[in-house]
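Here are a few exercises to work through with the model open beside you. Try each task before you read its solution.

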Amino acid sequence: MALYNVFDCTIVELDRHHSDRKGNLTVVENGLTLPFDVKRVYYLYDVPGGENRGAHAHRELEQLIIAASGSFTVTLDDGKNKRSFFLNRPYQGLYVKPGLWRDLVDFSSGAVCMVLASEVYQKEDYIRDYQEYINFRNSKNGR
Ligand code: TYD
């Protein structure tokens, strides 16, 4: 598995179908939208205003994080650099490569954070301790 940094992660513009009368519709389709196939979808909601989520890294998992409603900020950290992405459009997603620490902060009230993931839930894929994360990055760097 390659070692990615925060500059490998980008906002993806999703397909948007607009109708003046009927509103909008956005599609994510395996094989077309993303560099991975979606195996799992989960969403965070009823997050109290100002609460934080995330605070972990995944060893192998890739994700697309979407503000399906409302807004929040995702800060990515590769141990050297940090980048923050403000998400507030249901037709944009943040594509997060494997091996990056993420913090989700500043949820607006009523926000829905939808996550499309490349793998089913595996507890062993999580790193929840920041120092352990730095050790993981250094070992991958061959240091
Ligand atoms: P957690 O990863 O702590 O949420 P976040 O890091 O975004 O704040 O997940 C909260 C709980 O939900 C935890 O007990 C694990 C469980 N969970 C699943 O059972 N399956 C899943 O796919 C996910 C993402 C979480």
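A ground rule on burial before we start: buried means under 20% relative accessible area, exposed over 50%, and partly exposed in between (1.4 Å probe, protein chains only). This is a predicted model, where local features need pLDDT of at least 70 and side-chain atom pairs count only at pLDDT 80 or more, while totals for chains, interfaces and linings use all residues. Residues are numbered from 1 along each chain as its sequence is written, and side-chain values use heavy atoms, with hydrogens and water left out.

**Exercise 1. Work out the strand order of the five-stranded open sheet.**

Strands (E, at least two residues) and helices (H or I, at least four) are DSSP runs, numbered from the N terminus, and two strands pair if DSSP finds at least two bridges between them.

Step two: walk across the sheet. You get β8-β7-β10-β5-β12, paired antiparallel. β8 (82-87) and β12 (126-127) sit at the edges with a single partner strand each, so one side of each has no neighbour in the sheet.

Step three: zoom in on one pairing. β7 (residues 72-77) and β10 (residues 101-105) are held by five bridges, and Thr73 has Val105 as its bridge partner in β10.

**Exercise 2. Which geometry does the ring pair of Tyr130 and Tyr133 have?**

Step one: recall the cut-offs. Rings of Phe, Tyr and Trp (its six-membered ring) pair if their centres lie within 6.5 Å; planes under 30 degrees apart are stacked, over 60 edge-to-face, and the rest tilted.

Step two: take a comparison pair. Tyr121 and Tyr126 have ring centres 5.7 Å apart and planes at 65°, so they are edge-to-face.

Step three: now Tyr130 and Tyr133. With 6.0 Å centre to centre and 45° between the planes, this pair is tilted.

Tyr130 is partly exposed at 34% relative accessibility, whereas Tyr133 is buried at 0%.
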